[in-house]
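Please look at the sequence and the model together while reading this report.

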Amino acid sequence: MRAEERQHRILGLARHAGRVEVTVAAADFGVAPETIRRDLSELERRGLVRRTHGGAYPVESAGFETDLAQRVTLHVENKRRIAAEAVKLLGEAETVFVDEGYTPQILAALLPTDRPLTVVTASLSTAGAIADSSNTTVLLLGGRVRARTMATVGSWACAMLSGFVIDLAFLGSNGISRELGLTTPDPVVADVKAKALQVSRRRVFMGDHSKFGASSFCRFAEVGDFEAIVTDTGLSSAEAHRYGLMGPQVIRV
């Protein structure tokens with residue numbers, strides 16, 4: 001098998017499973033682990049995967065995006081810790097925007113129910129998970145539902161957001177970098193995120209270490225737009241410091 005064909009198949013495996021392990025791929029393709037490492041290095045050079053210890057995971061781009069079913073299986077413990085730490089930043093906020101994605105969904109379930117709170121979200125999954133709290137008013141943005149993420153997008157969602165003044169927005173992204181800011185593959189998703197950022201007084205970014213240094217197609221925010229970044233210790237302290245110099249408090253859990 002030629003290297004190009006093997007790399008194409010490796011990328012397909014990574015996108016299907018959410019990551020690829022060097023030892024497993026070497027056994028599957030009948031090659032040495034070092035051959036797979038070279039393949040992964042080439043795929044990383046082309047911006048298609050990010051290397052980790054013992055393997056790699058796919059980078060989301062304009063042509064590829066993981067769906068919600070995959071997201072609930074990747075870096076789950078990290079996402080739980082991130083959500084638990086991020087919710088501590090709620091303060092006295094009475095209105096909150098909760099982004100689409102699995103980490104925001106976890107956070108939504110941790111929001112206090114012993115005081116009145118209005119939650120605005122584009123995520124059907126998040127809305128359904130918290131709508132039964134008597135003290136929580138859930139406002140679901142209208143628009144076209146993206147089957148991949150079960151979230152609404154489009155002009156209706158943005159028009160609804162433009163009529164709000166929100167105390168605090170919890171936002172995620174497909175990638176965050178010091179050079180390119182926060183990015184996502186789909187322009188209509190970027191529009192909703194950008195509008196939520198615009199109408200919110202405070203902004204908190206939540207994302208595990210795999211998001212850092214990655215970039216996608218559509219930029220919707222700058223690092224300095226956020227008061228805080230909450231991530232896991234997979235992001236080195238040195239790199240966290242570099243992001244912190246751009247404005248936000250960087251919290252690693």
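Strand E4 (residues 95–98) and strand E5 (residues 117–121) pair in the parallel sense over four bridges, where strands are DSSP runs of E with at least two residues, numbered from the N terminus, and two strands pair if DSSP finds at least two bridges between them. Val 98 has Thr 121 as its bridge partner in E5. This is a predicted model, in which local features need pLDDT of at least 70 and side-chain atom pairs count only at pLDDT 80 or more, while totals for chains, interfaces and linings use all residues. Residues are numbered from 1 along each chain as its sequence is written, and side-chain values use heavy atoms, with hydrogens and water left out.

In a regular strand the side chains alternate between the two faces of the sheet. The table shows how this looks in E4.

| Direction from E4 | Residues | State |
|---|---|---|
| One way | Thr 95 and Phe 97 | buried |
| The other way | Val 96 and Val 98 | buried |

Buried here means under 20% relative accessible area, with a 1.4 Å probe and protein chains only. Across the protein chain, buried residues make up 51% of the 253 residues.

The protein chain holds ten helices (DSSP runs of H or I with at least four residues) and 15 strands. Its C-alpha trace spans about 60 × 40 × 30 Å along the principal axes. Among contacts (heavy atoms within 4.5 Å) between residues at least 6 apart in sequence, 61% join residues at least 24 apart.

Notes
Buried means under 20% relative accessible area, exposed over 50%, partly exposed in between (1.4 Å probe, protein chains only).
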